[in-house]
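User: Could you walk me through this model? I'd like to go through the chains piece by piece.

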Amino acid sequence: MFQLPTVQFTEEQEAFRLEVRNFLQEHIKKGTFTPKCDSWLSGVDPSFSKLIGEKGWIGMTWPKKYGGQERSTIDRYILTEEFLASGAPVAAHWFADRQTGPLLLRYGTEEQKQFFLPKIAKGECYFAIGLSEPNSGSDLASVRTRAEKVEGGWIVNGQKIWTSNAHICHYMIALVRTSPFDGKYKHAGLSQLIIDLRAEGVTIVPIKFLTGEHHFNEVFFDNVFVPDNMVVGEIGNGWEQGLAELAFERSGPERILSTYLLVDELVQELKRQGNKEGLKQAAKLLSRLWGLRNLSIGVAKLLESGDAKNVAIPASLVKAIGTKFEQSVPEVARLLVETYPKLDAERKFDRYMAQSILHSPGFTIRGGTTEILYGMVAKGVVAK
Amino acid sequence: MSEMKEMILDVAERMLEDHVTKDVVDVLEKGEWAKDVWKLFEDNGMISVAVPEEKGGAGGDLEDLLNLVRLTGKYAAPIPFAETTFANFLLETGNLETVDQVATYSLQEGLSLQNGQISGTLDNVPWARHAKHLVALVQKQIALIDLADATIQPGSNMAGEPRDTVILNNAKVQSSSLLTDEQIFHLKSIETAFKIALMTGAIEKINQLSVQYSKEREQFGRPIHRFQLVQYQIAQLAGETAIALAAFNNVCAAVQSDKVLHEIAFARIRFEDAITTVTAVSHQLHAAIGTTHEHALHQYTRRLWSWRDEGTSADYWSGHIADYLLNHDDDLWAYLTKTTGAAVKN
């Protein structure tokens, strides 16, 4: 259960990596964006997303007829790594690219695929994830937002919370209850609906992040009508469908590299100082990053070969251990190079330090808390 | 890895499973070793895996050999398999004829070579008392010595494995060959890869023992794996095991493609974390029974505690990475993602 494939990049893949890297470097120089830690989730820039869409770099693994490029999972892995390492503002389209696309390709109707995927690929259509509710966090299956069948569609009532970037998104894939809650079979009766966030009865209220940034939202549904053709997959199959996407959500390089810019700046500072002892300590961080990256790429390769059965445990491990690593970076770095962390500091090291520290509490919570993940891993290991 | 390779490894694993029981591992502490297991390995051509067929070996490659070494680590096999095969790897590197009998090696400094004779003292040489040959690095030369020409004082590491003092007093060099600095660095890399293989095996076994124990042991009327704090321990062990195996497989892939860049260094440094976590957490999970000689856990934790301070150290590799970073201007990310860097070859 722990044997993962190793990946050696081909020459074409190396060339692609350089192409992406050069593109991003060019745009940093031009001032198109300023690199920031954790920008895959907090760096919203629709015009940059459109630029990425024009390059064919959103939905790049999807079929061409839906606006994709039919490239490999490993190509996409390389692309996302380069975005993360350069701190590019890719948050607007991130969820649509990572989750909505694969979900619709697997469960969506032809109409849904034709309508949504090309727009997503162009970087013009963004999706929010509608999972958590005020009383349903880790215990997700207890969600209470409900949809009632009416002529031609569903009427949705309820509330979602911690919805990243809902205020700039066009749609949400919401997990809702389409049959009454049954404590014995709480995973049953759940369905996934595409909800137009501009529809009547939808209210989006910001929740300020601890820095004051607007990132999270509460989303209220008051008799919101959702037409039948916006049901994803089967009614009542929402839990299963959602689970299938979790491996993608949990195993990507964004679970390792949210604070990479600080690692990079740490090494540069130590090099400037000629500090060999410090670099030896930094080498430990690099070895942890290397170890996690092996795991994460191995899962990507496994997903590509369609071996979804064996990915749940390693994918959860990438998220649980990777996010702890991300959190540890500022803690290690601040003891090696003197710093006064400040969000508006001139010096990159101080700025990245402040971004990393202030964003780090979220790393081990979003996308499944470490506690839930470890519980899943342990149960999986014991069951084998 | 090819299916053929997997078959060979399956055969080896079954052999070890059947023949290397807890009691067999214990014989080391009585000053004996598992000669019959050695014989089995010999009969199955496993001692000469990775020695080319034209030189009388069994064929196969370094990846096969490293996986066999991993398995000997997984069963704590009380045979000098890693030592003999690495000694032969040293001879191969020096273009010298390989040996058939038990051999050991040393990359330590402190020997001197004069007129075809070697003098000096080597500490903690693995398995010397049971070995016929010693392959040692002496002033950039690889030299083969007959241990009948040495004085051997027995000693052991924390796991009870033979680690002997070898005193050489004008011992005759049987064959020797001068190596380049690159070759010597490569030897250290491969020696470290062998160590990584052994450690990976031991970590796999500790993880296995721990999961098994968490299912067997009941307290408060249920198996202990049902408790969330124990689940946290199980998950930590799973994580370190997955990382160790992935690191090992990536080291194998790098060695096999002859493009070793930083894989061995990073793996070796990362194993320090893995060993700290795995030994502490597995003992805590096993509680009192795990601290007894009767239980098998210590056969693996004591080995990890010993092996991490033997051979080329994690500190050496951290220094190696630090030096590289100090002396190169390339961007860190380019360095980390470069997989086809300067090939280190024989």
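User: How is chain A divided into domains?
Analyst: In this predicted model, chain A is split into domain 1, covering 11-125, domain 2, covering 129-237, and domain 3, covering 252-383.

User: And what separates the centres of domain 2 and domain 3 of chain A?
Analyst: Taken over C-alpha atoms, the centres of domain 2 of chain A and domain 3 of chain A are 31 Å apart.

User: What does the UniProt annotation say for residues 10-124 of chain A?
Analyst: The UniProt record, an unreviewed entry, annotates residues 10-124 of chain A as "domain: Acyl-CoA dehydrogenase/oxidase N-terminal". That span is 66% helix and 0% strand, and its end C-alpha atoms lie 32 Å apart.

User: How many helices and strands does chain A have?
Analyst: Chain A has 12 helices and eight strands, and along the principal axes its C-alpha atoms fill a box of roughly 70 × 50 × 45 Å.

User: How does the radius of gyration of chain A compare with that of a compact globule?
Analyst: The two agree, because a compact globule with 384 residues would have a radius of gyration near 21 Å, and chain A has 21 Å. As for burial, 52% of the 384 residues in chain A are buried, and among contacts in chain A with a separation of 6 or more, residues 24 or more positions apart account for 74%.

User: Where does helix H7 of chain A bend?
Analyst: Helix H7 of chain A, residues 238-251, bends by about 35° at A:Glu245.

User: Switching to chain B, how many of its residues are in contact with chain A?
Analyst: On the chain B side 37 residues are in contact with 37 residues of chain A. Helices H6 (181-216), H7 (228-256), H8 (263-290), H10 (314-327) and H11 (332-337) of chain B each supply at least two residues of the side that touches chain A.

User: Which of those gives the most?
Analyst: H7(B) gives the most to the side of chain B that touches chain A, with 16 residues. By class, the residues on that side of chain B divide into 20 nonpolar, 14 polar and three charged.

User: What about the domains of chain B?
Analyst: Chain B is divided into domain 1 (1-79), domain 2 (100-179) and domain 3 (182-337). The centres of domain 1 of chain B and domain 3 of chain B, taken over C-alpha atoms, are separated by 21 Å, and their contact takes 13 residues from domain 1 of chain B and 18 residues from domain 3 of chain B.

User: Which helices are on the domain 1 side of that contact?
Analyst: Helix H2 (22-26) and helix H4 (62-74) of chain B each supply at least two residues of the side of domain 1 that touches domain 3, and H4(B) gives the most to that side, with nine residues. That side of domain 1 of chain B has six nonpolar, two polar and five charged residues.

User: Last one: which residues of chain B does UniProt annotate as "domain: Acyl-CoA dehydrogenase/oxidase C-terminal"?
Analyst: According to the unreviewed UniProt entry, that annotation covers residues 197-303 of chain B. The span is 79% helix and 4% strand, with its end C-alpha atoms 13 Å apart.

Methods. Residues numbered from 1 in each chain as written. Chains lettered and ligands numbered in written order. Predicted model: local features only at pLDDT ≥ 70, side-chain atom pairs only at ≥ 80, totals over all residues. Contact = placed C-beta atoms within 7 Å. Nonpolar A, V, L, I, M, F, W, Y, C, P; charged D, E, K, R; others polar. Domains from an automatic or database assignment. UniProt positions renumbered as here; feature names shortened; annotations may be inferred. Rg over C-alpha atoms; globule rule 2.2 N^0.38 Å. Buried ≥ 20, exposed ≤ 12 C-beta atoms within 10 Å, placed from the backbone. Bend = angle between axes of the 7 residues up to and from the residue.
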